[in-house]
Amino acid sequence: MIRQLTTGELTVALIASYLWRGLAYGLVIGLAGVGLSLTYDLLDFANFAHGDYITISAFVGWGVAYLVAGFGQFSPGSLLFLGVGGTVYPQDVGISVTAAPVAILVGLIIAALVGALLAVALDSAVYKSMRGAGNITLLIASVGVAFVLRYAAVFLFTQQTFGLTADSWSYEIGLPGGAVRITSASLLLIIVALVMMIAIHLLLTRTKLGKAMRAMGANQQLARVTGIPSEKIVRRTWLIGGALAGIAGFMIALLQGTINYQIGWTLLLLVFAGVIMGGIGSVYGAIVGGILVGLITRVSLIWIPASFTEATGFAVMILILLTRPAGIFGGDAT
Amino acid sequence: MSILDVTSLDAGYGDLQVLFDVDLHVDAGEYVTIVGPNGAGKSTVMKSIFGLTHHMDGSIVYRGTNIEANDPEENVHEGLAYVPQSDNVFPPLSVRENLEMGAYILDEVPEDALQSVFDRFPILEERQQQKAGSMSGGQRQMLAMGRALMLDPALILLDEPSAGLAPDLVDEMFDNIDRIVESGTAVLMVEQNAKEALSRCDRGYVLVNGENRYSDDGETLLGDEQIRREFLGG
């Protein structure tokens, strides 16, 4: 690396821009991981449908964002379905963080709401009746839920990959050998993710709900005899985890500038890598693990072809688990 | 006047019946102990009263209300408290947070109850920010009792409070229980350390194979040659 730097094959600017993109990517992975980790902590259940909560809420959120941005100019149906079949294009709607901030904000909120409601609805419809049936039953059921949701997305939005945003403002920071481009999308993502993570931290440490969530995660049986209403806490945990999945989904689509029915599923593998690296069940582990996975997969692009990035993330995960089998924050839940 | 009346209780886990026709009662402010050999079902009695086992037959009346069909959460609302034998604190939560959880069903943390727990166990006040998981066994046991006292229950169920404690801490633990009784809270306790428990309590039951074999005041049971020989190890 030092040789590459001195010979000019690798510039400071290039490394910095990979780091910046890695940070943005990692924060979105961490955000999605928080929800996964919370439900794992409370229910001992690795929810494989989490990625498809991300997909569905991202699609609905972006549909609403399009509707807000292009209302009156295009048919509402075309807008809500992101112009499926080539009826509306992002350049026509002119949607971007700087050109249509209200649309983006409304879309983000809707994505959070959809994620929250979806998570609670699926819990009471599917998972609730299976509590106590064992983790494997729940896990397989969640794989089923994942497929149902994924192909619901295909049914509504087809298998097309949609371009989402028009060009928008970006800022370039000059560094030796080039410049780092700070896009408005990555900037917004980093702000939103940091705010949400601080909010989660405050929730877990300052509120009664958060403390009860940690108590339940630590010892279900004792939580019951203490009078903590388990089902109510579980429902609220799904609500929070689902909302974070929705926000992560909207944000990853914004960051990539594209969306398709596999967006959440593709992300989920990395989310799992981050959550396991951080120590499954630990919220802080999920955040740190997510950021690490983001940084590793992006920075590795310097040496490794893009098609191998996910493998790199998992390779590092395995290396960390070899030295710390319970993950970085393992053993100490939440 | 009795606050807890257990009549002809049959209970167990799934299809496995552990308790057969158990009768017991606790008066207001009374200190009652259940002793007996390992596997007699002592802890099962506690769990059954609190709604943690499969109730098969018989009645449990607490302060005039039938509670045999209650789940644990409902029993907390009825003013009954239970301290399990092991894993009775939330390790990742601080001492203070553990105590706050004890008052979960209230809208606000009751400051006076918190203060009286701190007065009772000053070590908990000193260490209120420390994680419960990093405390010693004796301190955890105090925290578990403190948690149960947060709602000022009329009756507290203690499942083997001396289990796992170093010998020099056992006396201190029993002294703490004496003080809980002195302050007016009734105690129903299961104990392995039968001699110590019977010498301190008002009344005792000897449970064998899931059935009540003897019941009398503690000193009498302790003085009974046959009971000493068969169940209390001489």
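Predicted model: local features only at pLDDT ≥ 70, side-chain atom pairs only at ≥ 80, totals over all residues.
1. Two elements of chain A, strand β2 (170–175) and helix α8 (184–206), each supply at least two residues of the patch.

2. A:Leu255 belongs to helix α11 (residues 230–256) of chain A. With a relative accessibility of 27%, A:Leu255 is also classed as partly exposed. Leaving aside residues up to four places away in sequence, A:Leu255 touches A:Ala24, A:Tyr25, A:Ser186 and A:Leu189. From A:Leu255 to A:Phe308 there are 53 residues in sequence and, between C-alpha atoms, 20 Å in space.

3. Chain A as a whole contains 14 helices and four strands. Its radius of gyration is 20 Å, close to the 20 Å given by the globule rule for 334 residues, so chain A is as compact as a globular protein of that length. Along the principal axes, the C-alpha atoms fill a box of roughly 60 × 55 × 35 Å.

4. Of the 334 residues in chain A, 53% are buried. Among contacts with a separation of 6 or more, 76% join residues 24 or more positions apart. The accessible surface of chain A is about 13600 Å², and carbon and sulfur atoms account for 68% of that surface.

Notes
Residues numbered from 1 in each chain as written. Chains lettered and ligands numbered in written order. Heavy atoms only, no water. Buried < 20%, exposed > 50% of the residue type's maximum accessible area, 1.4 Å probe, protein only. Contact = heavy atoms within 4.5 Å. Rg over C-alpha atoms; globule rule 2.2 N^0.38 Å. Areas by Shrake-Rupley, 256 points an atom, 1.4 Å probe, with all protein chains shown as cover.
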